[in-house]
Amino acid sequence: MSKEHLEKNVHPLRVIPLGGLGEIGMNMMAFEYEGSVVLVDAGLMFPENDMFGVDIVIPDFSFLLDPNKHVLGVFLTHGHEDHIGAVPYLLREMNVPIYGTPLTLGFLADKFKEHRSEFLREEDGSPITPRLITVKPREPIFVGPFCIEPISVTHSISDSVAYAITTPVGAVIHTGDFKIDPEPVGGSYFDVERFKAYGEKGVLALLSDSTNAEREGHTGSESRVGENFETLFAEAEGRIIVATFSSNIHRIDQIAQIASRLGRKVFLSGKSIIGNVKIARELGYLSFPLDQIAPLEELSRTPDREVVLITTGSQGEPMSALYRMATDDHKQIQVKPGDTVILSARVIPGNEEDISRVINHLFRKGAVVLHEKIARVHVSGHASREEQRKIIEWVRPEFFIPVHGEYRQLVSHAALAAKAGIDPRHILVVEDGEEILLRPGRCEKGNSIPARRIYIDGKGIGDVEQTVLKDRRHLGSDGVIVVTVAVDREGRKVRSGPTLLSRGFTGNDIELPLWEEMEISLQTLLREVETDPTWGDHFAADLQQGIETRIKQTLKKIISKKMNRYPMIIPNVIVI
Ligand SMILES: [Zn+2]
Ligand SMILES: [Zn+2]
């Protein structure tokens with residue numbers, strides 16, 4: 001047999017992005033070899049501004065439910081919601097083992113409480129107990145045809161790993177979220193040696209974090225934030241309030257340690273901060289003394305100079321502890337003159353308005369407010385271009401697939417890989433649902449799978465359909481118009497109406513002629529119904545439905561033409 005013929009018969013490794021490519025959030029990547037599947041991460045996405053009333057968004061798992069596919073495990077890279085948040089929903093569909101480092105699994109297990117009743121059922125009817133399997137860097141796990149080694153990386157959460165997945169056609173490395181922190185805190189480290197070792201052996205494909213692909217240079221170390229805090233804390237006369245992400249255990253640990261050195265007590269506010277600190281402490285990820293955390297009740301009795309309060313709300317969320325403190329809506333804490341408030345987090349795109357609003361409130365209360373734009377109180381957890389380049393140079397993969405990013409970031413990262421020496425034909429920019437088939441020396445696009453998003457509303461009960469979302473969008477931006485008319489079935493005479501009522505629609509206030517035009521058109525329409533005995537014959541027997549459809553069409557046409565608006569139109573035709 002020729003070499004070429006042999007290669008043709010080699011089964012490919014299928015790389016299938018189910019989420020996170022082409023958007024920030026809901027990361028999920030499937031690797032499939034002859035029907036055996038491992039997943040890297042199962043995350044959620046917080047809704048974009050046009051997703052009214054949607055709480056979270058998760059990837060569509062239906063592709064994994066095919067009986068010819070055997071999902072052998074989910075390998076979690078770290079404990080951020082965009083990597084673990086969809087796991088409870090996955091466990092409604094399948095009882096799959098979940099692998100992760102201790103802190104990642106600790107954060108995950110904490111979420112199970114509220115989801116357990118929805119999990120898949122055992123034969124006796126009780127919900128399954130998830131199988132959580134702890135992994136350690138440099139200790140490979142064997143599942144089906146795969147050997148999977150966790151590699152320690154640094155990121156904005158402790159206990160983050162990349163995965164090197166050795167398959168029958170070669171090794172692939174998925175970096176997870178990372179930066180290369182030269183001076184990490186809290187025992188984290190970036191294992192350069194393992195990346196280099198895989199590079200020496202040969203790597204079929206590298207999938208690497210693209211978040212900061214548009215940012216030149218190096219991201220900078222978490223330790224720098226600590227140093228800046230040390231100076232800021234020493235200068236502050238009054239209370240210090242720091243808002244950060246509750247998962248940023250490094251940051252919380254640094255704040256508490258500095259507070260301890262400066263003789264300040266630490267107070268925690270916000271359910272998720274208290275919960276995560278408890279988990280991290282139990283698992284040994286926090287180094288400050290426990291007695292340094294004081295209960296909130298003691299706050300009023302503690303001199304201002306001895307207070308550091310760590311809280312949530314760095315994104316200006318209106319229900320968050322910080323927002324409530326800034327608007328006198330918090331039971332124990334009100335922001336006052338002399339307070340220094342530090343927003344120690346990045347501004348997530350889309351949250352600018354909310355953040356600005358909370359900053360304004362804080363200033364109104366007389367506080368000094370420090371944030372990313374004016375002080376070095378935050379550093380990103382993602383690699384900038386120089387770090388991204390280093391990984392590529394260490395691993396020297398045959399194929400390169402940028403992951404974790406919006407399309408523009410994926411493209412930027414691809415360009416960087418080409419500069420770093422990867423053959424441009426071996427760089428694959430793909431989005432959710434676009435399958436890639438990899439064999440040594442060869443790659444091709446596979447079948448596309450439907451990469452739908454699943455919208456979760458309220459407490460996760462009942463998914464939101466696209467149509468519901470469309471309705472909410474219409475209501476939110478353009479308002480609603482209700483038309484009521486009563487028609488006599490026998491004589492087809494209009495008995496009352498039409499009456500037009502609107503809410504949130506600007507047309508009736510500022511464009512009176514438009515309102516008049518709508519009324520006239522409706523009357524014309526109804527006159528046709530009254531006078532033309534064949535009217536509505538093509539609507540089958542349903543006169544009511546026929547009139548409602550025509551009312552919608554008539555108004556939509558006028559409003560879209562005159563105002564370029566699309567309010568929701570609700571015709572209410574009563575046939576008596
Ligand atoms: Zn992350
Ligand atoms: Zn992420």
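**A walk through the model**

Guide: Let's begin with one lysine: setting aside neighbours within four places in sequence, K69 is in contact with E32, G35, V37, F63 and L64. Keep in mind that this is a predicted model.

Visitor: OK, and where does K69 lie?

Guide: K69 is in the loop between β4 (54–59) and β5 (70–75).

Visitor: Is K69 buried or exposed?

Guide: Buried, with a relative accessible area of 17%.

Visitor: Now the metal. Which residues coordinate the zinc ion (ligand 2)?

Guide: D82 (OD), H83 (NE2), D177 (OD) and H404 (NE2) coordinate the zinc ion (ligand 2), at 2.1 to 2.2 Å.

Visitor: Why is the arrangement around the zinc ion (ligand 2) irregular?

Guide: The 4 donor atoms subtend angles of 88 to 165 degrees, and that makes the arrangement irregular. To count as tetrahedral, four donors need all angles between 85 and 135 degrees.

Visitor: How are the donor residues of the zinc ion (ligand 2) spaced in sequence?

Guide: The pattern is D-H-x93-D-x226-H. D82 lies in helix α2 (residues 81–84), while H404 lies in the loop between β19 (399–403) and α12 (407–419), so the pair ties together parts that are 322 residues apart in sequence.

Visitor: Are D82 and H404 buried or exposed?

Guide: D82 is buried, at a relative accessible area of 17%, and H404 is buried too, at 6%.

Visitor: What does D177 bridge?

Guide: D177 bridges the zinc ion (ligand 2) and the zinc ion (ligand 1), and these two ions lie 3.4 Å apart.

Visitor: Let's zoom out. How is the protein chain divided?

Guide: The protein chain has domain 1 (3–217 + 380–461), domain 2 (239–250 + 263–370) and domain 3 (479–575). Taken over C-alpha atoms, the centres of domain 1 and domain 2 are separated by 32 Å. Their contact takes 14 residues from domain 1 and 10 residues from domain 2.

Visitor: How much area do domain 1 and domain 2 bury between them?

Guide: About 1,100 Å², with 61% of it on carbon and sulfur atoms. On the domain 1 side, L103, F107 and S158 lose the most area to domain 2, together 36% of what that side buries.

Visitor: And how many salt bridges are there across the interface of domain 1 and domain 2?

Guide: The rule finds 0 there. A search of the whole structure, though, finds 27 salt bridges.

Visitor: Show me some! What does R194 pair with?

Guide: R194 forms a salt bridge with E149, and the closest N and O atoms are 2.8 Å apart. R194 lies in helix α5 (residues 192–201) and E149 in strand β9 (residues 146–153), so the pair ties together parts that are 45 residues apart in sequence. R194 and E149 are both buried.

Visitor: How about E237 and R305?

Guide: The side chains of E237 and R305 meet in a salt bridge at 3.1 Å, N to O. E237 is exposed, with a relative accessible area of 59%, and R305 is partly exposed, at 46%.

Visitor: Last one: where do K278 and E282 sit?

Guide: K278 and E282 are in helix α8 (residues 271–282), and being 4 residues apart they are separated by about one helical turn. Their side chains meet in a salt bridge (3.3 Å, N to O), and both K278 and E282 are exposed. Elsewhere, salt bridges that share partners join E183, R224 and E227 into one network.

Note on methods: Residues numbered from 1 in each chain as written. Chains lettered and ligands numbered in written order. Predicted model: local features only at pLDDT ≥ 70, side-chain atom pairs only at ≥ 80, totals over all residues. Heavy atoms only, no water. Donors = N, O, S within 2.8 Å, 3.2 Å for Na, K, Ca; no water. Tetrahedral: all angles 85-135°; square planar, octahedral: opposite > 155°, others 65-115°. Helix = DSSP H or I, 4+ residues; strand = E, 2+ residues; numbered from the N terminus. Buried < 20%, exposed > 50% of the residue type's maximum accessible area, 1.4 Å probe, protein only. Contact = heavy atoms within 4.5 Å. Domains from an automatic or database assignment. Buried area = accessible area lost by both parts, 1.4 Å probe. Salt bridge = Lys/Arg side-chain N within 4 Å of Asp/Glu carboxyl O.
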